[in-house]
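Here's a quick tour of one model, written for someone who likes to check each contact on screen. Have the viewer ready.

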Amino acid sequence: MTSIDQRWLAAAAGLAARARPLSRPNPGVGAIIVRDGKVIASGWTQAGGRPHAEAVALAQAGEQTQGATLYVTLEPCAHRSDRGPACADLVCSSGLARVVVGCGDPDPRTAGQGIARIADAGIVCELLPSPACAESLSGYLIRARHGRPEVTLKLATSLDGCIALAGGESQWITGDQARAHTHAMRARTDAILVGGGTLRADEPRLDVRLLGLESRSPDRWVLTRQTAPAGWQTIASPEAIRDMAGVQYLFVEGGTLTAAAFLKADLVDRLLLYRAPIVVGGGKAAIGDIGLASLGQAHDRWHLQDRRTLGPDTLELYVRQR
C-alpha cells in the first residue's frame with residue numbers, strides 16, 4: 001500500500017499549498033480523509049492558523065469517518081491551546097481506522113506525542129516520510145530546526161548574467177509570463193526583501209499584481225543600516241533574518257550586493273533563476289563577490305529541481321545541497 005499512501009500524501013501536500021502564507025504563524029498543513037478509495041473530506045489550515053487542517057476535514061466528514069483513513073502532511077498536534085483543541089484528541093474520538101502522517105512535527109510540544117496518542121487510542125497511526133509533504137512544509141521545518149525562514153533568492157538575468165544595462169536600465173529583462181510567475185511566487189511568501197540601494201534607486205512596490213491575489217502581498221523588508229520609509233521593516237545583516245518573527249518564507253529580490261551577501265552567508269535555500277533570451281554585454285552583473293577562494297568550492301552546492309519555459313524566457317529552480 002506504500003505507493004498508494006504516497007500518492008494520497010502528495011495530494012494532501014497539494015492542498016497544503018492553499019494555506020500558504022495565510023496560515024502564518026502556523027504551518028500550512030493539508031489533510032484528506034479517504035474511505036474505500038474515495039475522498040470523503042479534505043481540509044487545509046485556515047487563515048491565522050486555525051482551525052487546523054485535520055479539524056476542517058473531520059468536521060466536513062462527520063459520521064463518514066467511521067473506518068476511514070486520514071492522510072495528513074504533518075503530525076497532528078498534541079498540545080492544547082486556547083485557540084482550539086489538540087488535533088490528536090480530535091482524531092482519537094473520530095472513529096477513524098487509520099492515520100498516515102507524511103512528516104513528523106519537530107515542535108517539542110508534539111514531536112512524536114501526537115502519533116503516540118493516536119496509536120494509544122487504538123487507531124493505526126503510521127509515519128510514512130513523504131518528500132512532497134516535507135517540501136510543502138519547507139519553511140516551517142527550516143524555521144523549527146534552524147531558527148530562520150526559508151530563503152528564496154530570485155534573479156532575472158540575460159543569457160550573459162546581467163540584470164541591467166551598464167547605465168542601470170532593467171525594465172524589463174524578462175517578459176510578461178515570467179513577471180507574472182514572480183508575482184505568484186511573491187503571493188506564496190511571508191516577506192520580501194531588497195537591498196537599501198535598490199530601494200533608494202528604484203522605489204520598488206514589491207506587491208502582488210495578479211487579479212484576485214492583491215491581498216497576498218508580502219511584508220516588505222530592506223537590508224540596510226539606515227532608517228526605512230513607512231511601510232518597510234529593516235534588518236542590518238542577512239543573519240538577522242532569525243529575528244523576523246513569524247516569517248517562514250522569505251523572498252529576496254535583490255540587488256547585486258544583497259544577493260551576494262545572502263549567498264556569502266550561505267543562507268539561500270532556493271534559487272529562482274529567470275533567464276531571458278537576450279545578450280546585454282557590459283551590463284550590471286547579477287551577483288557580486290560571494291567569497292569563494294577556488295572553483296572547487298562552487299561545485300556540488302546546487303541541485304536543479306525544476307526547469308520550465310515561460311513564454312520566451314526560461315525558469316530554473318535550484319535547491320541548496322546541505
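What follows covers the domains, the interface between them, and the annotated site.

## Ground rules

This is a predicted model, so to speak with conditions attached: local features need pLDDT of at least 70, side-chain atom pairs count only at pLDDT 80 or more, and totals for chains, interfaces and linings use all residues. Residues are numbered from 1 along each chain as its sequence is written, and side-chain values use heavy atoms, with hydrogens and water left out.

## Two domains

The protein chain splits into domain 1 (3-142) and domain 2 (148-320), with bounds that come from an automatic or database domain assignment. Their C-alpha centres sit 33 Å apart. Domain 1 puts 16 residues into the contact and domain 2 puts in 17, where contact means heavy atoms within 4.5 Å.

## The interface

Together the two domains bury about 1300 Å², with 40% of it on carbon and sulfur atoms; buried area here is the accessible area (1.4 Å probe) that two parts lose on being put together, summed over both. On the domain 1 side, Arg 20, Arg 24 and Ile 142 lose the most area to domain 2, and together they make up 50% of what that side buries.

Two salt bridges turn up across the interface, by the rule of a side-chain nitrogen of Lys or Arg within 4 Å of a carboxyl oxygen of Asp or Glu. Arg 24 also forms a salt bridge with Asp 219, the closest N and O atoms being 3.2 Å apart.

## The annotated site

An unreviewed UniProt entry lists a "binding site" whose residues include Ala 156, Trp 172, Thr 198 and Thr 256; such annotations may be inferred rather than shown by experiment.

Thr 198 belongs to helix α8 (residues 196-202), and Thr 256 to helix α9 (residues 256-264); helices are DSSP runs (H or I, at least four residues), numbered from the N terminus. A polar side-chain atom of Thr 256 lies 2.8 Å from the backbone oxygen of Ala 285. Leaving aside neighbours within four places in sequence, Thr 256 is in contact with Ile 163, Ala 285, Ala 286, Ile 287 and Gly 288.

Notes
Helix = DSSP H or I, 4+ residues; strand = E, 2+ residues; numbered from the N terminus. Polar contact = N/O pair within 3.5 Å; in protein donor to acceptor, adjacent residues only side chain to side chain.
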